[in-house]
Amino acid sequence: MKIVFGGSFNPPTIAHEKIIAYLASSYEKVIIVPNGDRYNLKKFDAPASMRLDMLEIITKKYQNVEISDLEINRPFQGTFQTLRDLGHPLFACGDDCLFEMKNWKEAKILLSENNFLIFTRNHSLLELENYLKSEPALSLYQDKFYFVDLNLPDASSSFFRKNLDTTLISKEIADYIRTNNLYQEKCMFNHNYLKVALATPKVALGKPMENAMEILQIASNAPKASIIVYPELALSGYAIGDWLFNSELLADTLEALKYLKEHSSKQILIVGMPFANGGNLYNVAAVIQNKKILGFVPKMSLPCTGEFYETRFFTSGIAFLNNPIKVNFDNEEVMFGSLIFKNTTFDVTFGVEICGDLWGNINPHKMLYEKGADIVCNLSASTFHVNKKKERRSLVEVTSRRFEGAYLYVSNGPTDTSSDVLFTGHQLAFLCGEMLLNTETMALESVVNYLDIDLEMIRYRRYSNGYIHENKTSIDNSYNSFLL
């Protein structure tokens, strides 16, 4: 007995794969019929040829499964005609189709001539049977419907297209989508909104390559985020003490950075790490995109109080606050200092500072905002103690309001904790003084939060704020370009 499985498969999800596996084991022949590009006047994000490719990827292991291009190669004629042309096989579909079927083209002919296998997904078997009995257009054909409950995962194609959640698709499909740049906007900037992500990764102390893999996995799972901000020293781990002096660790960190660079994409990754230059060790943020290091931003204000003793390890980058230099990394010259990063096409600008630069007397964010930065990103390693969460929130809120900009703050989490300090993965985001995010975590896995930055709001607030006009410094030619 043969059966037809129809749908858009835009893209095929893990739920589709589970259905196909069931059909292949239960029927002599399975025919998968993807809808054509003009099916029901619907516009698809992936062209028919690529949807066929993805179906080939997930069905190649089955000998009795074939993919038909019947509906792709002709104008839309309706499912009733497709089933006629294929000799009236059993027709399989998800339970969402049951609720739409009465409105399909030539529905009475479709229902009278065919039998249907419905897979439950969003509704219980009882709900579907009751609907079938109560719906006048379907009740006459109750004996033509069969139901199967495979305990399908909640993984619809439409939800994937909306959120690009790679847990809804197989690794092979995710790789195909990434390689062919499918389902992403032509740019990551739309309607004056910029999507960003704050990531507190699971950290392996003193294992840079392991941390690089986690950083890339987070980026892979967040393809719509144009900027992803990671914590201070995320590549090496923060709480490693004198291990920072170990030459093997520093060499491994550079190798991990090279790996990040080689595997980077259009997304901007802002990652904390130790970096040696000119006989000094600096606490820096590496800004990475499209197989390039766009710049290194050193920490200016090094705390040496309470549980912090960073002056033991690092040299302040204060010498490069207004005088960036070029350093060598992987046989390329890279800017090093307090930098402005700008996309001239969409007029989007951001800058970076590190933890104590928000708390100390030297505040790079002041210069960055005055030179036109819309967004300042802060990579932090801020420890837990009573009321400190409120202090951090207050600092970020006031800074964002004072300079009418976005301020993104992300601290490391409990996996970076040692016997000396405890970190709680505090993530904060404020836009012109308004809170977008304020959350902590004790999770031992990576935690990522997404935000849409309203750049039009920043423009409006700055245009209408006289204090901003008085203090704004015109942007010179020293900015570093990035893509959107």
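The dialogue below goes through strands, then a helix, then a single residue.

Guide: This is a predicted model, in which local features need pLDDT of at least 70 and side-chain atom pairs count only at pLDDT 80 or more, while totals for chains, interfaces and linings use all residues. Residues are numbered from 1 along each chain as its sequence is written, and side-chain values use heavy atoms, with hydrogens and water left out.

Visitor: With which strands does β11 pair?

Guide: Helices (H or I, at least four residues) and strands (E, at least two) are DSSP runs, numbered from the N terminus. Two strands pair if DSSP finds at least two bridges between them. Here β11 (residues 280-289) pairs with β10 (residues 268-277) in the antiparallel sense over nine bridges, and F275 stands opposite Y282 in β11. Six bridges join β11 to β12 (residues 292-298), also antiparallel, with Q289 opposite K292 in β12.

Visitor: Which residues take a positive phi in the two hairpins?

Guide: In the β10 and β11 hairpin, with two residues between the strands, G278 has a positive phi near 60°. The hairpin of β11 and β12 has two residues between the strands, and N290 takes a positive phi near 50°.

Visitor: Is β11 mostly covered or uncovered?

Guide: Buried means under 20% relative accessible area, exposed over 50%, and partly exposed in between (1.4 Å probe, protein chains only). Nine of the ten residues of β11 are buried, so the strand is mostly covered.

Visitor: Which residues of helix α11 are buried?

Guide: They are L249, L250, T253, A256, L257, L260 and K261. These residues cover an arc of only 140° around the axis, which puts them on the same side of α11; the arc is that of the directions from the helix axis to the C-beta atoms. The face turned away from the buried side of α11 carries the exposed residues S247 and E248. Among the elements covering the buried residues of α11 are β10, β11 and β12.

Visitor: Where is K29 placed, and what is K29 in contact with?

Guide: K29 lies in strand β2 (residues 29-34) and is partly exposed, with a relative accessible area of 34%. Contact means heavy atoms within 4.5 Å. Leaving aside neighbours within four places in sequence, K29 is in contact with M1, K2, I3, N64 and E66.
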